[in-house]
Amino acid sequence: MSSPGGPVGATEVDGVRVVASSRPGPLRGGLLLRVGTADETVPTAGVTRLAVRRAARDLAADVEVGQVVTRVRMSGDDVPARLSALAGRLAALPLDGLDDVRAALAAERAGRPADVRDALLRRRFGLVAHGVATAPDEYGAERLAAAEVAGWVARRAVRAGVVAWLTGPPPPGLRLALPEGPRRSAPQPAPRLGSGPTWFRGPRGVVGVLGVVPAGAVGAALADRLRAAVRADLARQGVGGAVPATTLEQITADEALLTVTVPVPDGAQKVVTAALLGAVERAAGEGAGDAVAGDAAEPGAGPDAGPDVDADPDAGLVRAAEALLLAGPDPDAVARIAGTAPPAAGVAAAQVGTAALSYLLGALAAVPFGSGEIPAPWLPEPSSRQEPFSQRWFRPVEAPDDPRQLSLDAGGISLWTPPGTHVTVPVAATAAVLRWPDGRRLLLGEDGAEVDVEPTMWVGGAAVVEAVDATWPASLVVDRPARPASDVPQPDRAPGEDPRLLPVTATQGFRRMALVAAVCCLGCVGVTVVFGAGQELFGALMVSICAVTMSSSTFRSINVRQGMGLRRPNPGPPGRR
């Protein structure tokens, strides 16, 4: 198959498939591994990044871990020698320096900002497969032993699970000494809470839509059409600074995840939200015409061109290698690769319309507050579909100020908030249990639900922790480092203390004040009746009685507020868990 840089062909080196094409400039190449975050679990999250970063250390290579493909890229005349070294390290991972890589990854995570795509992935896929990348932290990279990390990558970096690519013919000295082993199929995308079109309130300052589209030219053309339609709509309405961006990531041989995001200027929430959701709806209803080229996409636009994506001369070649990797042992895969020619060329509008309809029916939108009512066909995304567990009940130490309730049994745990709503994590659908030495337990459901148990804040909190530790399997437990004492929340009163009961001295004071007020009132009435005192005297007495009563009420209010413990404990930093 031809491409702008020359014909694309596939061959084999040491049993590893290699996709090559003659391209101008210095030699460039890389390895693609059929492993990514979707293959991990919450307890092992980050292990792929840790292993491949260690293997590529000191090789002047860029490493990108995607949902189902890990990409290692390098440039220079010595690329064949570095690719050979990388393959050897993947087969037998060097364990020295692994802790240095752990530290570097932790620093990168700490500086990584929140992303609307993460929110979309977690709401759509939960904390399994394609949602694992949105876990609170990369616990596997932090805690797995060196031998476990080496074993993880050695079982996946096998000949059938790796494809190499080069911008020139493979030289004789290239060695890709990887072990034999089965190729692992990519996980299938499985929404945890059903399909769309649904929406939820997402992060501020951005609107986003996530859905599944066909891999290749059709998905790329739909991305072009949506981006162009939103840009044109916002331009007509005079909304500046809202430039749409698209991300297209292939996740199976035939499917890709398409994310469309638009930043929202202040005060433009309704306009930008309507523009993006409307563009998706209109694209789903369109299908007339012979070709997409020039219909909605800009000339030369594609997933690797346009104002929001940097041009990459090797993008088509890398897509060819990815398609071969995800298609498995298919000799015709390279000939069917989309993207080595201009993406929109020859794609019928009806194909894009069909893809857009499928995209709409499975879409999830993140809309910011201030977007107003979201009209049909978009429906609110359900928060949970789990049945609650309610054999044993626990109340907060600070009840009734804290209205929550906690219930659990052998099947799972539920956290209740008024008016009767609950978040539930079943044992059989738990992604991980985070465990702190001070007793805190954070249960993460496969659907993304969280139940956070701070034993100091619950009556019988130790019994809750004991039940969690006895019920959930040890394989789901992720031990966390000890927290500073200041981060452990403490109640403002002892368990079982009722804030409405005041100290005896205060109660006696109230009674005495009430008695004084009653005596004064009776005396006032008596004086008025017997002596016929004037209105001035009666008014003065009434003012005095009111003053006494108000003082009593104020005193009681102050003591009640102090007794109810309105000072809230510090729950600890919300970021790192």
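Trainee: Is the crossing of H1 and H3 left-handed or right-handed?
Mentor: Right-handed. A crossing gets that name if the near helix is turned clockwise from the far one by less than a right angle, and left-handed if anticlockwise. Keep in mind that this is a predicted model, where local features need pLDDT of at least 70, side-chain atom pairs count only at pLDDT 80 or more, and totals for chains, interfaces and linings use all residues. Residues are numbered from 1 along each chain as its sequence is written, and side-chain values use heavy atoms, with hydrogens and water left out.

Trainee: What makes H1 oblique to H3?
Mentor: The axes of H1 (residues 47-55) and H3 (residues 98-110) come within 10 Å and cross at roughly 120°. That makes the pair oblique: under 35 degrees is roughly parallel, over 145 roughly antiparallel, 65 to 115 roughly perpendicular, and the rest oblique.

Trainee: Which residues in H1 and H3 meet?
Mentor: Arg-49, Leu-50, Arg-53 and Arg-54 in H1 meet Leu-98, Val-101, Arg-102, Ala-104, Leu-105 and Glu-108 in H3; contact means heavy atoms within 4.5 Å.

Trainee: Now the sheet: why do E19 and E20 stand at the edges?
Mentor: The order is E19-E18-E17-E20, an open sheet with mixed pairing. E19 (450-453) and E20 (477-479) each have a single partner strand, so one side of each is left without a neighbour in the sheet.

Trainee: How do you know that E18 pairs with E19?
Mentor: Pairing takes at least two bridges found by DSSP, and four bridges join E18 (residues 441-445) to E19. They run antiparallel, with Leu-444 opposite Glu-450 in E19.

Definitions and conventions: Axes are lines fitted to C-alpha atoms, for helices over the stretch in contact, and angles run from 0 to 180 degrees between N-to-C directions. Helices (H or I, at least four residues) and strands (E, at least two) are DSSP runs, numbered from the N terminus.
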